[in-house]
Amino acid sequence: TTAATDVFTGSASNDTFTGATANFQAADVLSDTSSTDSDTLNLTLTAALPTASITNIENINITWDAFGAATLDLTNIKGGSHVTLSSSKVGYLGGATVNNAGANTFTAGSGVNGTIDVNGGTALTVNAPNGGTLTVDGSGTAASDTSATVVGGTTINVGAANAFIASTITGDANTTTITAA
């Protein structure tokens with residue numbers, strides 16, 4: 001992406017887009033005509049993820065390069081994307097807030113193992129293979145909050161603020177507590 005407002009449209013092939021905090025803006029549009037290929041958006045962020053329009057980009061890899069907790073708003077990410085957040089920043093405590101998660105998949109990748117709050121899910125999958133205190137909630141619209149599939153986390157709390165119609169929670173070697181509403 002560039003410092004100006006960008007509009008990129010991928011092809012039927014596997015496309016790769018790259019951006020950083022200074023260049024990725026809320027007015028940017030990244031889209032692809034196919035939801036069956038394997039497009040990738042690689043972002044390095046030092047501030048909250050702008051609510052750019054991202055459609056049918058199947059893999060979104062975010063490298064967090066800041067000390068404070070990462071903030072991601074997935075409002076405008078459509079097409080069932082798999083969003084992975086990771087960090088190797090020395091001094092980052094592993095926390096993240098993911099708002100408006102929708103029907104996407106979120107993975108707390110390498111280095112993301114602090115307090116992780118994922119909210120606004122509708123048909124959501126959350127993976128936390130590195131542990132962490134994980135809270136997962138729906139959008140608050142009961143008919144829309146169909147399912148949450150959660151794997152991993154040290155302490156897992158699903159649906160306390162906004163429950164899902166169905167939840168599947170699987171602990172792993174890090175898991176000590178599971179709470180579901």
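**Entry 1: S81**

I started with S81 and found it in the loop between β8 (77-78) and β9 (82-86). Strands here are DSSP runs marked E of at least two residues, helices are runs of H or I of at least four, and both are numbered from the N terminus. My notes rest on a predicted model, where local features need pLDDT of at least 70 and side-chain atom pairs count only at pLDDT 80 or more, while totals for chains, interfaces and linings use all residues. Residues are numbered from 1 along each chain as its sequence is written, and side-chain values use heavy atoms, with hydrogens and water left out.

Is S81 buried or exposed? S81 has a relative accessible area of 0%, so I wrote it down as buried. The cut-offs: buried is under 20% relative accessible area, exposed is over 50%, and partly exposed is in between, with a 1.4 Å probe and protein chains only.

Next I looked up what S81 touches, taking contact as heavy atoms within 4.5 Å. Leaving aside neighbours within four places in sequence, S81 is in contact with I57, E58, I60, N104 and T105.

**Entry 2: the whole chain**

I stepped back and counted zero helices and 18 strands in the protein chain. The radius of gyration is 16 Å, close to the 16 Å from the globule rule for 181 residues, so the chain is as compact as a globular protein of that length. That radius is taken over C-alpha atoms, and the rule is 2.2 Å times the number of residues to the power 0.38. The C-alpha atoms fill a box of roughly 45 × 40 × 25 Å along the principal axes.

Buried residues make up 42% of the 181 residues. I also noted that, of the contacts with a separation of 6 or more, 29% are between residues 24 or more positions apart.

**Entry 3: an open sheet**

I traced an open sheet of four strands in the order β1-β3-β5-β8, with parallel pairing. Its edge strands are β1 (7-9) and β8, each pairing on one side only. Two strands pair if DSSP finds at least two bridges between them.

How many bridges join β1 to β3? I got three, with β3 covering residues 29-31 and running parallel to β1. V7 stands opposite V29 in β3.

**Entry 4: around β11**

I then moved to β11 (105-108). T105 and T107 point one way from β11, F106 and A108 point the other way, and all are buried.

β11 pairs in the parallel sense with β9 over four bridges, and T84 stands opposite T107. β11 also pairs in the parallel sense with β13 (residues 123-128), over three bridges. The bridge partner of T105 in β13 is T125.

**Entry 5: the core**

Which members of the largest nonpolar core touch the most other members? I found L72, L85, F106 and V118, out of 39 residues. A nonpolar core is a set of buried Ala, Val, Leu, Ile, Met, Phe, Trp, Tyr and Cys residues joined through side-chain atoms within 4.5 Å.

Not counting residues up to four places away in sequence, F106 touches a list of residues including L72, V83, L85 and V118. I62 sits in β6 (residues 59-64) and counts as buried at 1% relative accessibility. I62 and S87 are 25 residues apart in sequence and 8.4 Å apart in space, C-alpha to C-alpha.

**Entry 6**

I found one aromatic pair. The rings of F8 and F17 have centres 6.2 Å apart and planes at 35°, so the pair is tilted. The rule is that rings of Phe, Tyr and Trp (its six-membered ring) pair if their centres lie within 6.5 Å; planes under 30 degrees apart are stacked, over 60 edge-to-face, and the rest tilted. F8 is partly exposed at 29%, whereas F17 is buried at 11%.

Last, phi: most residues other than glycine have a negative value. N56, in the loop between β5 (53-55) and β6, has a positive phi of about 60°. N56 counts as buried at 16%. N100 has a positive phi near 55°, and at 37% it is partly exposed.
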